[in-house]
Amino acid sequence: MTTHAGSCHCGAVAFEVETDLETVIECNCTHCYRKGLMLTFVEPEAFRLTAGEGATTPYLFNRHAIEHQVCPTCGVEAYAKGRAADGRVQIAVNVRCLTDVEPFSLTPTLRFDGLHKV
Ligand SMILES: [Zn+2]
């Protein structure tokens, strides 16, 4: 596991996350596709906000199962809080917000057909 640093564009929201980036998900649902999100999911213990607690605007849609945390200043969604099928809380990290990873080194390892499953 590697500890990566990330932030929204303006820096109001910043975080550290422990992940090996083994799974990078690209989803074609109406939300992810519009934002161009590339996500990896981690346990809440592996994610630590270092700035921006309470500063984000939650965006909810469809079943309201996922709280997309949007920075009200720059509009970037650095992470979201959701629940796995078994009810466990999961953090969806927008890997495009990682500041210590070469951007073009990240390629989706999983394409999720959210458009037809959400
Ligand atoms: Zn921001």
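Contact here means heavy atoms within 4.5 Å. The model is a predicted one, in which local features need pLDDT of at least 70 and side-chain atom pairs count only at pLDDT 80 or more, while totals for chains, interfaces and linings use all residues. Residues are numbered from 1 along each chain as its sequence is written, and side-chain values use heavy atoms, with hydrogens and water left out.

Under that contact criterion, and not counting residues up to four places away in sequence, His31 touches Leu37, Tyr59, Phe61, His68 and Glu77. His31 belongs to helix H1 (residues 30–35), where helices (H or I, at least four residues) and strands (E, at least two) are DSSP runs, numbered from the N terminus. Although His31 and Phe61 are 30 residues apart in sequence, their C-alpha atoms lie 8.8 Å apart in space.

The sheet is open and has 7 strands in the order S6-S7-S8-S9-S4-S3-S10, with mixed pairing; two strands pair if DSSP finds at least two bridges between them. Its edge strands, each pairing on one side only, are S6 (57–59) and S10 (110–112). Strands S7 (residues 67–70) and S8 (residues 77–83) pair in the antiparallel sense over 4 bridges, and His68 stands opposite Ala80 in S8.

Gln90 lies in strand S9 (residues 89–94), and its contacts, again not counting residues up to four places away in sequence, include Phe41, Glu43 and Ala80.

Both residues tabulated below are buried, that is, under 20% relative accessible area, with exposed being over 50% and partly exposed in between (1.4 Å probe, protein chains only).

| Residue | Relative accessible area |
|---|---|
| Gln90 | 13% |
| His31 | 8% |
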